Amino acid sequence: MFGRRLLLLHHEGRTTGLDRTVALEVVAYDREGGSWTLASGFGPKADWYLNLRMMPTTVVQSGSRHFAVTAHFLTAEEGGEAMVRYAAARPRTARRLCSFMGFGIDGSPGSYRRAGREIPFVRLDAGPGQRLP
């Protein structure tokens with residue numbers, strides 16, 4: 001229904017050890033590079049984000065397929081650039097996300113870059129030999 005805009009992230013609870021699943025919006029999708037980039041809209045204290053910090057290897061589901069992935073946490077600078085690209089591709093959604101998170105933006109790339117430096121971004125890299133849809 002949502003194509004490549006959403007994925008299911010399977011992760012392990014850092015305190016309970018229980019399996020968890022969360023649907024997340026894909027900020028960037030790189031079929032050739034074999035990765036998905038996600039933003040933690042609730043900041044660095046979101047449970048899924050903290051769980052990935054503790055155990056960065058996991059599985060995602062995109063469509064009906066499952067992929068083994070490893071999480072790589074973007075630097076503030078990389079997050080700023082990711083936000084600029086996201087805002088160019090989805091201006092309305094980017095504006096709403098920044099407003100929801102309390103960032104004052106004026107619509108310029110610079111304001112999105114500043115906001116993106118404060119938002120935790122994660123790139124999920126598929127394991128070798130996995131072809132993305």
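Is Phe67 buried or exposed? At 1% relative accessibility, Phe67 counts as buried. The close-ups below come from a predicted model.

**View 1. Tyr29 pairs with Trp36.**
The structure holds five aromatic pairs. One of them joins Tyr29 and Trp36. Their ring centres are 6.2 Å apart.

**View 2. Trp36 pairs with Phe67.**
This aromatic pair is tilted too, with 55 degrees between the planes. The distance from centre to centre is 5.4 Å. Trp36 belongs to strand β3, residues 35-39. Phe67 belongs to strand β5, residues 65-73. The pair therefore ties together parts that lie 31 residues apart in sequence.

**View 3. Tyr29, Trp36 and Phe67 make one aromatic cluster.**
Tyr29 has 24%, so Tyr29 counts as partly exposed. The cut-off for buried is under 20% relative accessible area.

**View 4. Arg53 places its charged end over Phe73.**
Here a charge meets a ring. The charged end of Arg53 sits over the ring of Phe73. Its distance from the ring centre is 4.0 Å.

Definitions and conventions. Residues numbered from 1 in each chain as written. Predicted model: local features only at pLDDT ≥ 70, side-chain atom pairs only at ≥ 80, totals over all residues. Heavy atoms only, no water. Phe/Tyr/Trp six-rings, centres within 6.5 Å; stacked < 30°, edge-to-face > 60°. Buried < 20%, exposed > 50% of the residue type's maximum accessible area, 1.4 Å probe, protein only. Helix = DSSP H or I, 4+ residues; strand = E, 2+ residues; numbered from the N terminus. Lys NZ or Arg CZ within 6 Å of the ring centre and 35° of its normal.
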